[in-house]
Amino acid sequence: MRKNIKRDLCKLLAVTLIIGNISVQGVAQKTNAEEPTIESTVESTEELTTKNTLDYIVDLNEMTTDETETPEETTEESSTEPVTEETTEAPTKAPGKKVYWNGKVVKNATMKGIDVSHHNGKVNWKKVAKSDVDYVIIRCGYGNNRKKQDDGRWKEYIKGCEKYKIPYGVYLYSYAKTTADARSEAEHVLRLVKGLHMSFPIYYDMEDYTQARLSNKKKKKIADTFLGIISQHGYECGIYANLNWWTQYLSSLSNKVYYKWIARYGKTCGYKGVYQMWQCSSTAKISGINGYTDLNFWYDEARTNAYDIYTDPNTKRPARMKIGKVYTGRRWAKVSWTHQKKTVGYKVEYSRYKTFKNSLTRYTNGTSVYLGNLKSKRYYYFRLKAYKYKDGKRLYSKEWSKVVRKKVK
């Protein structure tokens, strides 16, 4: 019995040594194998991350959402936050291409911009135009409609952007405490932007401590008054506020304001709803500007200075759409509707959240769209808008269709 045990142990030891030798050789061979570079990994996702496409726009981060989360109660932050990835490619400022921050690609962002006021002093716009800055938001002034409250470098900055063909938009810092103040502030902006060709919206900067003391109901009336006047005059418009203001004071505006500019410094935005621009820093260093400036990222479709935010108020927009049916199968859904006359195409948004956080977008000129790669046994929310082209830009229905909720099999 002992001899047999001893013989078996010897055999086992020999086999172990042979296997160990093979494993070491395998590891050596694997170590010498060529590793995939970061650049090649980035290149493989370029087609999907590009937002400047008419037929298909998708947020890649949706694919990494935690399977076990409960969409309506989750505290997970929006997928439109600029998660970065390492890259070895050179930065580019062509609209719709990759956007960079500190040498890293900013996922889902389509453009990189700055905002400026007279505090930034004299700017060398030629150098700014040669940098990786894609657009600029300029302060036109502050408070009521008084010339002495125009921004001191407003005209100078406008001339610089127009000379070097930098797309720009404007903002006005608000001190409004009443709707009468809001009307005066709207008139202030309209006086200054008359005749200008702006490619980005007019923003209402609501952050002053005097306004924070007002009730949320009053804040809403002030915002609605300003935005109502600006939009009635044919301009795209929105609100700038920090994350706390959006969540604590302006949450009731979520379905009223399309262009949302969220300020929150750091690596993530943290806003749970849909937004188009994020101010992530006040300490950016930009060629042509002395000192620091504010840095922003744009998440909507990329624009050039050919885009004009003005549309004749008398132009008829497509009517509000109605979703016909939503069919679902295993990890897919199909949304259909009836064609609307004098309409070029349709925009469909879908999300696992009521707020349309992490929303995905599809464009089509048909009357249905197939949506694949969805989460099984999860509820999704769907909404629809029609659009037509006017002066080279899409003119959408004023309102989204009623939201349809459906469970995917």
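**Close-up 1. Helix α8 in the predicted model, covering residues 216–232.** The helix has 17 residues and reaches 24 Å from its first C-alpha to its last, close to the 24 Å expected at 1.5 Å a residue. Buried residues of α8 are K219, I222, A223, T225, F226, L227, G228, I229 and I230. After α8 comes G234, with a positive phi near 95°.

Close-up 2. Helix α7 spans residues 209–212 and includes Q211. Q211 has a relative accessible area of 0%, which is under 20%, so this residue counts as buried. The side chain of Q211 makes a polar contact of 2.8 Å with the side chain of S174. Leaving aside residues up to four places away in sequence, Q211 touches S174, Y175, A176, M206, K219 and W245. Of these, K219 is also one of the buried residues of α8.

**Close-up 3. An open sheet of 3 strands.** The strand order is β13-β14-β17, and the pairing is antiparallel. β13 (323–329) and β17 (368–371) are the edge strands, each pairing on one side only. From one strand to the next, the twist averages 15°.

**Close-up 4. The pairing of β13 with β14.** Strand β14 covers residues 332–337 and is joined to β13 by 6 bridges. The two strands run antiparallel. Within this pair, I323 stands opposite W337 of β14.

Methods: Residues are numbered from 1 along each chain as its sequence is written. This is a predicted model: local features need pLDDT of at least 70, side-chain atom pairs count only at pLDDT 80 or more; totals for chains, interfaces and linings use all residues. Side-chain values use heavy atoms; hydrogens and water are left out. Helices (H or I, at least four residues) and strands (E, at least two) are DSSP runs, numbered from the N terminus. Buried means under 20% relative accessible area, exposed over 50%, partly exposed in between (1.4 Å probe, protein chains only). A polar contact is a pair of N or O atoms within 3.5 Å; within protein, one must be able to donate a hydrogen and the other to accept it, and residues adjacent in sequence count only if both atoms are side-chain atoms. Contact means heavy atoms within 4.5 Å. Two strands pair if DSSP finds at least two bridges between them. Axes are lines fitted to C-alpha atoms, for helices over the stretch in contact, and angles run from 0 to 180 degrees between N-to-C directions. The expected span of a helix is 1.5 Å times one less than its number of residues.
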